[in-house]
Amino acid sequence: MCGIIGYIGPEETGRIVHQGLKNLEYRGYDSAGIALVDDTITLAKTEGQVDELTAPRADGATAGIGHTRWSTHGEPTETNAHPHTDCTGEVAVVHNGIIENYEALKAELSDTHVFESETDTEVIPHFIETQLEDGVSLLSAVQRTTHQLEGSYAIAVTAAGHEGIVVARRDSPLLLGHGDDATYVGSDATAFIEHTNRVTYLESGDIARITPDEVAIYNDGERIERETETLEWDAEAAGKSGYEHYMLKEIHEQPRALRQAISGRIDEFATSVDLDVALPEEYLRSVDEIQIVACGTSYHAGLYAKGLLEPHADVRVTVHLASEYAFTEDRDPWRTLVVAITQSGETADTLSALRDASRAGARTLALTNTLGSTVTRDADDTVFIRAGPEIGVAATKTFVSQVATAALLTVHLGQVRDTLTSEAATELLESLRDLPGAVQQVLDREATIKRAAETYTDSEAFFYIGRQAGYPVALESALKLKEISYDHAEGFAAGELKHGPLALVTPDTPVIAILTEEAAAEKTIHNVKEVESRGAPVIGVTSDPVTTDVASTFEIPSCGPLEPVVANVALQLFAYHVANEKGRPIDKPRNLAKSVTVE
Amino acid sequence: MKAVVLAAGKGRRLWPLTENRPKPMLPVANRPILEHIFDALAQTAVSEVLCVVGANRERIQNHVGGTYRDLEISYVVQEPQLGTGHALLQAESLLGESFIALNGDRIIDAELIEAVIDRQRETTEPVMAITRVKEPSRYGVVALDGKTVIGLDEQPLPDRTKSNYINAGVYAFGPEIFAAIRRIDTHGEQALTDALASYIDDRRLEAVRYRGTWLDISKPWDLLTVNSTLLGTERAPKAPGRSTAIDESAVVADGTAIGDDTVIHPQAAVLGGVSLGDNVSVGAGTIVENAILLSDVTLKRGAVVTDCIVGANTTLGPNTTIEGGRADVILEETLHQDVTLGALLGDNVAGGGNVTITPGTIVGNDVTLGSGTYVSRQVDDDSHVQRG
């Protein structure tokens, strides 16, 4: 969360930085600011969204930095917005992450420096100011400053009279973009992807000084080289293509995302998968537990993966909320595989859990959407979900791609471990192949779902129930609705209803039941009867409306073991249309940011 | 220069395929009609395209996005759809002094667009491209005086056609066209051709004669003929898509278009004139000839599929027979005699084994065909066909 953009080059700096902030708005949008530099620093900041920010005028500006913020320390006010400056107003800094020792640093500096904001960040420009007083270069000043900082940071620093932008990172992501006669800085590639797709990912501990035509990277005082990579994402894929919201665009992209997730990974004639997993087969055979660590939607994908892996790969699977995870001593690290699921590859809680597992000696595997992200370097091995860029804060296509990739991983592990019957392998792979077409069918029936959503817009609360694979889908579908409509929505294991939550059910609380394959629909039907007799309206999501006997259904095509995923797509559309009917800012739900890079 | 592509039409004669997608998204040579049009535009002075879209516009927006080659693409929604003139009015505020307008369902060459642009530049009058066809009465027949259009009759009786020249559906206009459209109101609809027919009463409309590729797709069998015409040309994909798998024992004719992730199983024969979309599975021993299979189609073993269009995500069971050949077909209450159409099957049709489909059959979307059924004429959406 929080977005950084930096630009140094011949074009109109203010415009490019402002556009970069617009691109990054999905990472945070409670305040924003821009600093342009030539002989002086020109600042503009605002509380609220990037649209409310006017880029400062500075015709001679040769470099600029910008920031869009998702508050952690200090309220979202103009004063707390980045860039922050020193006492002289000649050093400007934008920062993602958290400086853990900022109070101590602030106390140390406060005799001679005046602090204006409540942020942790402001200590950085003031500390740099003290170093510059020694007459050293901006690079050295930043280097010395980073030695004092504890915690996580990605920073971009400019100073009046100093050529170039100096950037540094520890844990928080930062990358550089190489244009023909300009250089870009971004917290992710979205910031500048319309200008260049040639990028260099900085690693933890790197400091770099950038000028229009040169990038000099240092680590531990040594000049080093980092690889330049070419990203396949183009600016267009990150645009809205005529859709009102990114979320709706991404919902409609799911057939394509799923095709990409499975493309080239299934050997049709051998009924096997090729996932390019580098973890040795002997090790995979010896594993007796898989621990999945993830947050939010990825956690739900993890729960789904557990239901696939346990029976087919014959391995115990535990799924952990990354923020609650610790590798405990009662597990044998040599026989435990820790799988991190994170869309962005930068989720701080998940990275921290993964590091804990690595320290304990367990091997780690990342399931992510983002090439070059931190998790791909931290984990021993990575499998990409290949969903393409996801900008909507509410994850949609990445959930289905995560589950599809988990199904491929299941077949791979099941075959390596010789625990998967050929019948089950055929069934899973056929279901995967059917998935894009089945999802397309749900999208073709959007009008029906929209009408249902309009009917229930004024409901007091929404409850989602499911069993087996239907349970994570119930959780995920409820999360979608609460994220974007702000309605109270909860997912429950259907059988748990009578043990408490049933007390919440009234005629004003619609209950959505996942009645698909792999979801013990014949049992959930009894729970549907329980809520119906309390007068709650019920919507059943099913491929078999004849035998399910529910008054109102979303009919989905039958799709074998992955049918609950298809149900999820129908419920994404339901959540979207409830929220849209209420006029919610669907791509920028209040208080939420796309990838949460603080713990 | 900007171009407006009219892509909001319903394409009712191509039911059931046009229920789930706009007509310009129907594939020929494995690429949507719209892509073929964009390819032509990309080779001209046009740099920006406004796509007027309507029902199922998601299909276009998803597929094309915001750019196509060097073209910048944006979208204008026409809702409700009240004719081609009305469609053009939706884009009015976004268009400059002169622009190109073209129908989203005709495949043409870049030269035609260039010629239209040039003529407008020379004459500063609105321009219509015209082309010669065998059956002009199916289209808007043009009467000419030198290089000027003096008459425009929409689908006249065959014995009343004034020439073999028809409106090719490619125009260059200036702002004058919007006033002409606004004067028209035919039962609440505004057709561009009606507007032009009255415009020429007192103003000049320049004609550009055109002899190059002009492929109109308005009926199911047009899809098959245009598909086989384009296969093997530069308009067709040069190589199979990514991650395809073709068994060594299968026979695949040269020029077959094969999409990503498509699998052809042992002993299958894919003969001439076939386009296989993405993620299609052609079962063992299957025979496919002169056919378009949209994405996610599964043909189980032993099926025979001839002269046929198969909608997306449709599965045909083992030994399904679509023998192909000529038949009489009724579309939108009009009888078309002796046309080549084995069958047109909608999306998500689920067929059992040993189904026989007679020539000229049209099957709707989401239909279930029980094992051993004999299917003919027309089957409505969502039907279940069982053996009697």
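Which residue forms a salt bridge with B:E48, and how far apart are the closest N and O atoms? Please keep in mind, as we look at this together, that the model is predicted. The partner of B:E48 is B:K2, and their closest N and O atoms are 3.9 Å apart. B:E48 belongs to strand 4 (residues 48–53) of chain B and B:K2 to strand 1 (residues 2–7) of chain B, so this pair ties together parts that are 46 residues apart in sequence. B:E48 counts as partly exposed, at 33% relative accessibility, and B:K2 also counts as partly exposed, at 25%.

Let me turn to salt bridges elsewhere. Over all chains, a search of the whole structure finds 41 of them, and one network, joined through shared partners, includes A:E289, A:R316, A:D330 and A:R331. In chain A, A:E532 pairs with A:K529, with 3.5 Å between the closest N and O atoms, and both residues sit in helix 15 (residues 521–532), 3 residues apart, which is about one turn of the helix. In another salt bridge, A:E490 meets A:K482 at 3.7 Å, N to O.

Next, the charged surface. B:R132, B:K147, B:R209 and B:R211 gather there in a patch of positive charge; of these, B:R132 lies in strand 9 (residues 127–132) of chain B and is exposed, because its relative accessible area is 53%, where exposed means over 50%.

Finally, the annotations. An unreviewed UniProt entry lists "domain: SIS" for residues 279–430 and 452–589 of chain A, and in this model the span 279–430 is 47% helix and 19% strand, while the span 452–589 is 41% helix and 18% strand.

Definitions and conventions. Residues numbered from 1 in each chain as written. Chains lettered and ligands numbered in written order. Predicted model: local features only at pLDDT ≥ 70, side-chain atom pairs only at ≥ 80, totals over all residues. Heavy atoms only, no water. Patch = residues over 30% accessible without salt bridge, like charges linked within 9 Å, V, L, I, M, F, W, Y side chains within 5 Å. Areas by Shrake-Rupley, 256 points an atom, 1.4 Å probe, with all protein chains shown as cover. Salt bridge = Lys/Arg side-chain N within 4 Å of Asp/Glu carboxyl O. Lys, Arg positive; Asp, Glu negative; His and termini not counted. Charge placed at Lys NZ, Arg CZ, Asp CG, Glu CD. Helix = DSSP H or I, 4+ residues; strand = E, 2+ residues; numbered from the N terminus. Buried < 20%, exposed > 50% of the residue type's maximum accessible area, 1.4 Å probe, protein only. UniProt positions renumbered as here; feature names shortened; annotations may be inferred.
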